[in-house]
Amino acid sequence: MLLAGGLSALTGCVAHPADRDRAAPPGATAILPTAPGAAVEASAADRIPAAYTRGWPHPPRATRRSGCLVVFGPVGPAGRPQALAHAGAAALARAGRLWGTVPRARLVLVVPPSRRLFAQATGTTAATAVTLVPTDTRYGPVTVVRPDIVRGDPDVLASVLTHECVHLLADVGAAHATDGRVRRDLAPAWVREGMAEYVPARALGLGSALRASARRSIHAARTRPLPASFPTAAALAATDPHDRSRAYDEAWLAVDLLVAQVGLGRAVRWQRAWSQPSDLGNDGPSAGDSAVDLPALRARWQAQLRRWRR
Ligand SMILES: [Zn+2]
């Protein structure tokens, strides 16, 4: 789903894996919580547009960990913000190991105190987390997380945060391509959401669980016409949760088939190349190593959909 001024993200098809990556990455142990009720740290205020915390009943507080800054409302018991900073730093490292690190990438998490304020900040109630690129170029990407996700199952949180970190890395990489200005000509929605589903599933050992759930949701739609092409941004933002979830499954399947064909490294280079449009054809980057035969991929994808719809 694409929101004005930002990338948005929705993760719905998450199982309950064992998070194999609970240990914080090296150098990510400094935690600096502010006093309760204190004004937001200057560094946090510098990073976050005021609109994202407007209407909060208490001033936001900040907790920091190397590679991750968390700004939060009263979302849970004491210690939870530190745990969230830990989870955020681990998710960024996890996403970077598979998708590729981006030197300037810094995860900034905002946790509104209620679902209403989450919806106010992001413009959606359906997503579990949304990574926004503020139109004001003084600010970098900000990831807004729904408070019940932070309070809930830590394995689901790990998957949601890793999904958002893939968006963060992909977008910061794109911004790099134009000397810091955020580009709007990113890869198509199915590539961005499919890759953001693929990476956490693989990193957290969820591949077979995701495949099983995708197969069920695609089978459930067997009476509908076979999709002519990959899911659009509109399909990925459908208001019906089943339609939206299936669109994410279809996007994941397309990326899964792509990676099976060309390998993850080349699939990532292909995604990156969308933001360097010098060699863009109708089917995206077409030159050299970053070329992908999209019609052939589409045919394989439709054949898999047909098998799963039987
Ligand atoms: Zn997403």
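This is a predicted model: local features need pLDDT of at least 70, side-chain atom pairs count only at pLDDT 80 or more; totals for chains, interfaces and linings use all residues.
Helices (H or I, at least four residues) and strands (E, at least two) are taken here as DSSP runs, numbered from the N terminus. Residues are numbered from 1 along each chain as its sequence is written.

The protein chain holds eleven helices and nine strands, and buried residues account for 45% of its 310 residues. A residue is called buried if 20 or more other C-beta atoms lie within 10 Å of its own, exposed if 12 or fewer, and partly exposed in between, with C-beta atoms placed from the backbone. Two residues are in contact if those C-beta atoms lie within 7 Å. Among the contacts in the protein chain between residues at least 6 apart in sequence, 72% join residues at least 24 apart.

The interior comes next. A nonpolar core is a set of buried Ala, Val, Leu, Ile, Met, Phe, Trp, Tyr and Cys residues joined through C-beta atoms within 7 Å. The largest such core has 80 residues, and the members that touch the most others are L109, V110, V144, C165, V166, L169 and A251. Helix α2 (residues 80-99) supplies the largest share of this core, ten residues. At least three residues of the core come from each of domain 1 (2-176) and domain 2 (189-309), with the bounds taken from an automatic or database domain assignment. Leaving out residues up to four places away in sequence, C165 touches A91, L92, A95 and L107.

Helix packing gives a second view of the structure. Two packed helices are described by the angle between their axes and the distance between the axes. The axes are lines fitted to C-alpha atoms, for helices over the stretch in contact, and the angles run from 0 to 180 degrees between N-to-C directions. Helix α6 (residues 189-203) and α9 have axes that come within 7 Å and cross at roughly 80°. Angles under 35 degrees count as roughly parallel, over 145 as roughly antiparallel, 65 to 115 as roughly perpendicular and the rest as oblique, and α6 and α9 are therefore roughly perpendicular to each other. On the α6 side the contact is made by W190, E193, G194, M195, E197 and Y198, and on the α9 side by Y248, A251, W252, A254, V255, D256 and V259.

Helix α9 (residues 241-262) also packs against helix α10 (residues 264-273), with axes that come within 7 Å and cross at roughly 120°; α9 and α10 are therefore oblique to each other. Here V255, L258, V259 and V262 in α9 meet L264, R266 and A267 in α10.

Several individual positions link parts of the chain that are separated in sequence. H219 is found in helix α7 and is partly exposed, with 13 other C-beta atoms within 10 Å. Apart from its neighbours within four places in sequence, H219 is in contact with W308 and R309; the C-alpha atoms of H219 and W308 are separated by 5.5 Å, although these residues are 89 residues apart along the chain.

Two threonines in other loops complete the tour. T124 lies in the loop between α3 (115-122) and β6 (129-132), and its 18 C-beta neighbours inside 10 Å make T124 partly exposed. T135, in the loop between β6 and β7 (142-145), has 11 C-beta neighbours inside 10 Å and therefore counts as exposed. T135 and P49 are 9.9 Å apart in space, C-alpha to C-alpha, and 86 residues apart in sequence.
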